[in-house]
Amino acid sequence: MYSLFFRLIFQRMDPEKAHHLAFAWIRAAARVPVLRTFVAAVLAPRHKELRTEALGLRMHGPFGLAAGFDKNAAAIDGMSMLGFDHVEVGTVTAQPQPGNPKKRLFRLVADRALINRMGFNNDGSEAVAERLAARKAVFRTTVGVNIGKTKVVPEAEAVADYVTSTERLAAHADYLVVNVSSPNTPGLRNLQATESLRPLLAAVREAADRTVPSRRVPLLVKIAPDLADEDVDAVADLAVELGLDGIIATNTTIAREGLGLRTPKRTVEAIGAGGLSGAPLKARSLEVLSRLYARVGDRITLVGVGGIETADDAWERILAGATLVQGYSAFIYEGPFWCRKIHKGLAEKLAASPYKTLAEAVGAETRKKAAA
Ligand SMILES: Cc1cc2nc3c(=O)[nH]c(=O)nc-3n(C[C@H](O)[C@H](O)[C@H](O)COP(=O)(O)O)c2cc1C
């Protein structure tokens, strides 16, 4: 039914307008007590066996909403109502900014993919912190806060910019993510080089500890799928060295070649610059994740994201080494029953597997390969 709705309504609308419309509906539904209880009962039934402990946090399951959908922390309960086990808000920057000129979000329907060059449009960390502080949670969920660099701030001053956001947001975050991998802020991805990443992560850690002395806010870094393999290894080593809590793999890709795209080349070229997400990203995101797990094992929590569409995909990431998995693009194509399907499928996969718990399954495939 959703696919018909998608074809008749959303596909005919500008993608960003469709996003705002869907977002408004989700928020509205979550404000009506009877409705939200009903929707959550249908779309978010809990499976005890999927309960997940990660980053020192207890979650209903491993499947969360990736950053970028709820940039301003305005629909956390709505997304929880739809079944996401955690919601990563952001990317939030220290200063509010409008993002890139429109049009900046495109669908490649034949590829079940998106290209975006949103450019961190967001209300800024002060406003988002106020919203999070004022929030009265309806559903118990885990809230990650993803931070990035303000566009007008020069690369040389990036650390101070991230620190400002950390000081404002850490207290409201169940976990904090340093995003250095979006392709739509000039220079941002240079921060992935270890000589830039080390001082950045150390400063964010210090700022989080200083502003939230009562607990250790888990800190993760989110990386690009376009890193060369040796750079993936370097980030993994650095994460271990710095005692980071997790790595999120991956963000969108700037690649267009070698992804087996069905959308005609001239259409893709006409869209222009931006990060590609969805099904074509699956293979590389999985590869990066497996590589990270082979390097860090259980020392660091890995979060698998990029092209996850089905429970099979999510299960594959767990076997590759992900304790948590996330998705964004497939939600656009699959609609409101997506989380329900993933949860049901994951529970079935687990039951049919030799593993008693999800935790036991994490990394099993990568370990097997390493032993062979
Ligand atoms: C429209 C759009 C906006 C996004 N914005 C952000 C963002 O602000 N910060 C971020 O870390 N990732 C952002 N992402 C990347 C997603 O979080 C995710 O890493 C990526 O889309 C791969 O997952 P998917 O294939 O399930 O979409 C965005 C993705 C899309 C499609």
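I started with the contacts of Asn-146 (contact means heavy atoms within 4.5 Å). Leaving aside neighbours within four places in sequence, I found Asn-146 in contact with Ala-67, Glu-88, Val-89, Gly-90, Thr-91, Val-92, Val-177, Asn-179 and Lys-222.

A note to myself on the source: this is a predicted model, where local features need pLDDT of at least 70 and side-chain atom pairs count only at pLDDT 80 or more, while totals for chains, interfaces and linings use all residues. Residues are numbered from 1 along each chain as its sequence is written, and side-chain values use heavy atoms, with hydrogens and water left out.

Next I placed Asn-146 in strand 7, residues 142-147. Helices (H or I, at least four residues) and strands (E, at least two) are DSSP runs, numbered from the N terminus.

Is Asn-146 buried or exposed? Asn-146 counts as buried because its relative accessibility is 0%. The cut-offs are under 20% relative accessible area for buried and over 50% for exposed, with partly exposed in between (1.4 Å probe, protein chains only).

I then looked for a polar partner. The side chains of Asn-146 and Thr-91 make a polar contact at 2.5 Å. Such a contact is a pair of N or O atoms within 3.5 Å; within protein, one must be able to donate a hydrogen and the other to accept it, and residues adjacent in sequence count only if both atoms are side-chain atoms.

Thr-91 itself lies in strand 4, residues 86-92, and the peptide bond leading from Gly-90 to Thr-91 is cis, with omega near 10°. I found another cis bond from Lys-102 to Lys-103, with omega near 0°. Lys-103 sits in the loop between strand 4 and strand 5 (105-108).

Why did I write these down?

Leu-55 has a positive phi of about 55°, and I found Leu-55 in the loop between strand 1 (52-54) and strand 2 (57-59). With a relative accessible area of 13%, Leu-55 is buried. Phe-120 also has a positive phi, near 55°. Its loop runs between strand 6 (113-116) and helix 5 (125-134), and Phe-120 counts as buried at 5% relative accessibility.

Last, I zoomed out. The chain has 15 helices and 13 strands, and 58% of its 372 residues are buried.
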